[in-house]
Amino acid sequence: MPMTLTQKILAAHCGREEVKSGDLIFADVDLTMGNDITASAAIAEFNRSAAKKAADPNRIVMVMDHFVPNKDIKAAEQCKTCRSFCREQGIDKFYDVGDMGIEHTLLPDKGLVTAGDLVIGADSHTCTYGALGAFSTGVGSTDMAYAMASGKVWFKAPAAIRFVLRGKFQKNVSGKDLILHIIGRIGVDGALYRSMEFTGEGVKELEMCDRFTVCNMAIEAGAKNGIFPVDEKTLAFLKEHGAAEPKIYEADKDAEYEAEYEIDLSELEPTVAFPYLPENTRTVSEINEDIFIDQVVIGSCTNGRIEDLRRAADVLGNHKIADGVRAIIIPATQQIYLQAIKEGLIQRFIHAGCVVSTPTCGPCLGGYMGILAAGEKAVSTTNRNFVGRMGHKESQVYLASPATTAACAVAGKIISPNEVEG
Amino acid sequence: MQFNGKVIRYGDNVDTDVIIPARYLNTSDRAELAKHCMEDIDANFADKVKNGGTIIVAGQNFGCGSSREHAPAAIKAGGVELVIAESFARIFYRNAINIGLPIVELPALCQITEEADEIAADMDSGVIENKTKGKTFAAAPFPPFIQTIIEAGGLLNSLNKEETK
């Protein structure tokens, strides 16, 4: 039976010739990841179980990024739990303050994921690594504990939806606009339990940073995973970051897809998701009212890469951010932070009136470092705009690309990056 | 397993940020998490459970968003015994199974059920009755694979069994 790209990777990881949609399987995990919030919970479960030793410490990664540098005493205790566990179990891939970064940017940048891998993470945005032609998906802390103990995870093999891309982006349009467009079109459960497989001539036009952003938000359409085929750009990325030898899989030509969507990248425009769901999208040109804002955030596992910072800085130009707007810039990793300093981006952000933070997930999930008060509005490059996501339950988050978010910072309201002259 | 209780009714797309806001995720202590369960969308949640509201009935995509297992854990520790929804977000679905929070997908029942209706659920036979409305529905059984996890009392208990074989 013909298989999708996702099904091929799953079959290869459970020792079967084929898997089909609906099959329940136990798969071998190449890498299991957790962060300070979820790994600490997983460790508690692991310690309650019969397991004593991790099946393979080299296949476990822990990244302290959500409430780190520790936001309070309880957060400090969670990190301490992870730190001690990694030391006891001989887990070397433990990334703490100083060399940590936001997990889904850090893992590819450290070369820890390669094409064809099966990766699980106790974080919903683990689906990011599909950009590398890997199967990766978010699971819970108990799944993480089970995988640490046994090296395995249970799955129901998913059906798939295919997105055929053609054309290329116009200026100031990027992967964020593409994925917001898709979620707006299919809804927050439009890909529930399914794979989102991207294909078509347009794929080669997408930079790796855009593919990461698109796969990152596959979960916001309810998907199990998002995945791109491997091409020259993927191989160049993997080589540059010292990843293991790629295992390249392709979807069968006659693989079954439950639905297919064609998207012409050249028709996309700067897009914003309104509160309180990522599916509430409108192109900026469709907005007929002034939406004044109090804060912008540029960063997160969705849009904290060096290219994202460059795109924001390009739109910012020599402008100052608007009076009354607080702009928070968060490079996703230490390396990206250093690179941004080298390129003069950080100086430009600070001269414009932004603050620049060490890598953290903080504001994206309303943890710390940019919490909103009642009635406040933010435009953010992050991934969710649920009730209370960035702070008070009566605050509001609008999701947008780095270019659009930077433009909003300059204008003090929601506008298109094309309206800001550099 | 049999459950009898009053319904706490929610709509579509109840996300994990409202089930348990991230500002409380500096602990995985379940009793502590339970204190804040649903507080951003339903300030009376704890009182409703106290008054017999032990069954949540919701719309589509219940538990969407984050992978935080703290969400089903907070619901369970908060005293809810069963969640019935039109559909569940996938990570919430597996987390609920893995930690042993009973869940059922049953759109037909959800569509006629209102706040404070009385429900009687027999998980063994899959027969679930909305007593207030006088209607009975049959839930599809879990595949044997998942039943094994549930019967073991969660995923890690099933691991313990394998280890001791």
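Visitor: Where is P69(A) found?
Guide: P69(A) is in the loop between β3 and α3 of chain A. Helices here are DSSP runs of H or I with at least four residues, strands are runs of E with at least two, and both are numbered from the N terminus. A cis peptide bond joins V68(A) and P69(A), with omega at about -5°. Another cis bond joins P275(A) and Y276(A), where omega is about 0°; Y276(A) is found in the loop between β12 and β13 of chain A. Most residues other than glycine have a negative phi, and most peptide bonds are trans.

Visitor: What sort of model is this, and how is it numbered?
Guide: This is a predicted model, in which local features need pLDDT of at least 70 and side-chain atom pairs count only at pLDDT 80 or more, while totals for chains, interfaces and linings use all residues. Residues are numbered from 1 along each chain as its sequence is written, and chains are lettered from A and ligands numbered from 1 in the order in which they are written.

Visitor: Why is Y193(A) called partly exposed?
Guide: A residue is buried if 20 or more other C-beta atoms lie within 10 Å of its own, exposed if 12 or fewer, and partly exposed in between, with C-beta atoms placed from the backbone. Y193(A) has 18 other C-beta atoms within 10 Å, so it is partly exposed. Y193(A) has a positive phi of about 65° although it is not a glycine, and its place is in the loop between α6 and β9 of chain A.

Visitor: And what makes M369(A) partly exposed?
Guide: M369(A) has 19 other C-beta atoms within 10 Å, and therefore counts as partly exposed. Phi of M369(A) is near 65°, a positive value in a residue other than glycine. M369(A) lies in the loop between β16 and β17 of chain A.

Visitor: Why does N98(B) count as buried?
Guide: N98(B) has 26 C-beta neighbours inside 10 Å, so it counts as buried. N98(B) is found in helix α5 of chain B, residues 90-99. Two residues are in contact if their C-beta atoms, placed from the backbone, lie within 7 Å. Leaving aside residues up to four places away in sequence, N98(B) touches residues of both chains, among them G140(A), D143(A) and I149(B). The C-alpha atoms of N98(B) and I149(B) are separated by 7.1 Å, although the two are 51 residues apart along the chain.

Visitor: What makes β4 and β6 of chain A edge strands?
Guide: Two strands pair if DSSP finds at least two bridges between them. The open sheet of five strands has the order β4-β3-β2-β5-β6 in chain A, with parallel pairing. β4 and β6 each have a single partner strand, so one side of each is left without a neighbour in the sheet.

Visitor: How many bridges does β2(A) share with β3(A)?
Guide: β2(A) and β3(A) pair in the parallel sense over four bridges. The chain crosses from β2(A) through α2(A) to β3(A) in a right-handed β-α-β crossover; that means, with the strands pointing away from the viewer, the path from the first strand over the helix to the second runs clockwise. β2(A) also pairs with β5(A), over three bridges. Five of the five residues of β2(A) are buried.
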